[in-house]
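Trainee: I have a model open and want to learn how to read it. Where do we begin?

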Amino acid sequence: MAKVLVVTSGKGGVGKTTSTAALGAALAQSGQNVVVVDFDVGLRNLDLVMGAERRVVFDLINVVQGDAKLAQALIRDKRCETLSILPASQTRDKDALTADGVARVMDELREKFDWVVCDSPAGIERGAQLAMYHADQAVVVTNPEVSSVRDSDRIIGLLDSTTERAKRGEKMEKHLLLTRYDPARAARGEMLRTEDVLEILSIPLLGIIPESEDVLRASNIGSPVTLAHPDSAPARAYFEAARRLEGEKIDVSVPVEKRGLFDWLFKKRVA
Ligand SMILES: Nc1ncnc2c1ncn2[C@@H]1O[C@H](COP(=O)(O)OP(=O)(O)OP(=O)(O)O)[C@@H](O)[C@H]1O
Ligand SMILES: [Mg+2]
């Protein structure tokens with residue numbers, strides 16, 4: 001039975017889609033059977049980042065509406081055979097995602113995979129709530145800046161109140177993924193300190209992903225950074241985060257700048 005993970009944030013453009021692809025590919029490379037699901041109806045970004053856009057025939061809405069079988073819409077990654085994507089529709093009406101239809105598809109995905117990683121749209125409205133509703137765990141993607149932290153705080157409130165787990169009175173496991181972290185700006189005090197973000201949001205730290213050209217380069221060739229540049233600093237941070245999701249207790253590496261390159265000097269206990 002799969003674990004369902006939602007990658008969510010509130011604020012847009014903080015790195016949800018990038019992180020869904022990178023974490024999904026990292027989990028798949030450790031032998032887990034993974035599907036990444038694009039809930040961002042209308043924008044359809046995840047298939048681009050995964051390099052699957054030319055292979056999309058059917059999408060989540062087709063399956064939710066019963067116009068296609070799940071197997072017809074799933075796209076198997078060409079580089080990693082334990083990784084699949086369920087794409088979103090670019091054109092259709094967001095209201096086509098009915099709660100009952102999504103519940104049926106999620107049940108089917110749970111049967112087939114070890115991990116179901118859901119890429120949420122930005123915001124706190126219906127689309128984001130549908131993406132988080134069936135989750136067992138959440139990765140809250142946050143940039144070290146005030147507006148992003150504030151929106152993450154609101155999302156944490158929703159995770160604890162409007163999800164299926166919350167309604168059953170069960171705990172939702174939440175993890176903080178700090179992304180687009182710039183060690184040079186952090187050293188100059190131009191970003192919120194990690195400690196401050198952790199204190200405000202008070203959920204455990206899953207990882208700190210540095211701002212990096214490698215992420216952009218990977219995205220430009222349609223590949224998760226953990227497949228395209230597995231030795232790069234952001235990929236290593238994502239691999240670490242994936243190991244933590246699988247239950248390993250390892251220290252969080254804090255990226256620091258060293259002669260223009262990222263290095264990993266500091267180790268820190270997971271909160
Ligand atoms: N660690 C990083 N280093 C550099 N660029 C990054 C990093 N993470 C994400 N980006 C870039 O930031 C932009 C936004 O990322 P992404 O699309 O993953 O965010 P999102 O939260 O999914 O956005 P939306 O809310 O619009 O869905 C993209 O251009 C992406 O390549
Ligand atoms: Mg996105």
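Mentor: Start with how elements are named. Helices and strands are DSSP runs, numbered from the N terminus; a helix has at least four residues, a strand at least two. One caution before we go on: this is a predicted model.

Trainee: Then where is S202 found?

Mentor: In the loop between α10 (194-201) and β8 (205-210).

Trainee: Is S202 buried or exposed?

Mentor: The cut-off for exposed is over 50% relative accessible area. S202 has 58%, so it counts as exposed.

Trainee: Now the interior. How do I read a nonpolar core?

Mentor: Think of buried nonpolar residues joined through their side chains. The largest such core here has 48 residues. V37, F39, L86, L97, L109 and V116 have the most contacts inside it. Helix α7 (residues 146-159) gives the largest share of this core, five residues.

Trainee: What does V116 contact, leaving aside neighbours within four places in sequence?

Mentor: Contact means heavy atoms within 4.5 Å. On that basis V116 meets A2, K3, V4, L5, V35, V37, M106, L109 and R110.

Trainee: V35 is on that list. Where is V35 found?

Mentor: V35 is in strand β2 (residues 34-38). With a relative accessible area of 0%, V35 is buried. Apart from residues up to four places away in sequence, V35 touches L74, S84, I85, L86, L109, F113, W115, V116 and V117.

Trainee: How do I compare distance in sequence with distance in space?

Mentor: Take two pairs, C-alpha to C-alpha. V35 and A241 are 206 residues apart in sequence and 17 Å apart in space. A166 and L177 are eleven residues apart in sequence and 22 Å apart in space. A166 belongs to helix α8 (residues 164-167). Beyond its neighbours within four places, A166 contacts L159, D160 and S161.

Trainee: What do the UniProt annotations cover?

Mentor: Treat them with care, as annotations may be inferred rather than shown by experiment. The UniProt entry, which is unreviewed, has a "domain: CobQ/CobB/MinD/ParA nucleotide binding" annotation over residues 5-225. Over residues 5-225 the chain is 40% helix and 19% strand. The end C-alpha atoms of that stretch are 19 Å apart.

Trainee: Which residues does the "binding site" annotation cover?

Mentor: In the unreviewed UniProt entry, that annotation covers K11, G12, G13, V14, G15, K16, T17 and T18.

Trainee: Where does K11 lie?

Mentor: In the loop between β1 (3-8) and α1 (16-29). G12 lies in the loop between β1 and α1 too. Both count as partly exposed: K11 at 24% relative accessible area, G12 at 38%. Not counting residues up to four places away, K11 touches K16, A122, E145, S147, S148 and D151.

Trainee: How do a cavity and a pocket differ?

Mentor: A probe fits in a cavity but cannot get out, while a pocket is open. The structure holds one cavity of 30 Å³ or more. The largest cavity has a volume of about 50 Å³. Its lining is T18, V49, V215, A218, S219, S223, P224 and V225. Helix α11 (residues 213-220) gives the largest share, three residues. By class, the lining has five nonpolar, three polar and no charged residues.

Trainee: What volume does the largest pocket have?

Mentor: About 400 Å³. Of the 23 residues that line this pocket, D40, L43, S120, P121 and A122 are the closest to its centre. α1 and α6 (126-133) each supply at least two residues of the lining. The lining divides into nine nonpolar, eight polar and six charged residues.

Note on methods:
Residues are numbered from 1 along each chain as its sequence is written. Chains are lettered from A and ligands numbered from 1 in the order in which they are written. This is a predicted model: local features need pLDDT of at least 70, side-chain atom pairs count only at pLDDT 80 or more; totals for chains, interfaces and linings use all residues. Side-chain values use heavy atoms; hydrogens and water are left out. On a 1 Å grid over the protein atoms alone, a cavity is a set of points where a 1.4 Å probe fits but cannot get out, and a pocket is an open set with protein on both sides within 12 Å along at least five of seven lines; lining residues have an atom within 4 Å of a point. Grid points are joined across faces, edges and corners, and a volume is the space filled by probe spheres set on the points. Ala, Val, Leu, Ile, Met, Phe, Trp, Tyr, Cys and Pro count as nonpolar, Asp, Glu, Lys and Arg as charged, and the others, Gly among them, as polar. A nonpolar core is a set of buried Ala, Val, Leu, Ile, Met, Phe, Trp, Tyr and Cys residues joined through side-chain atoms within 4.5 Å. Buried means under 20% relative accessible area, exposed over 50%, partly exposed in between (1.4 Å probe, protein chains only).
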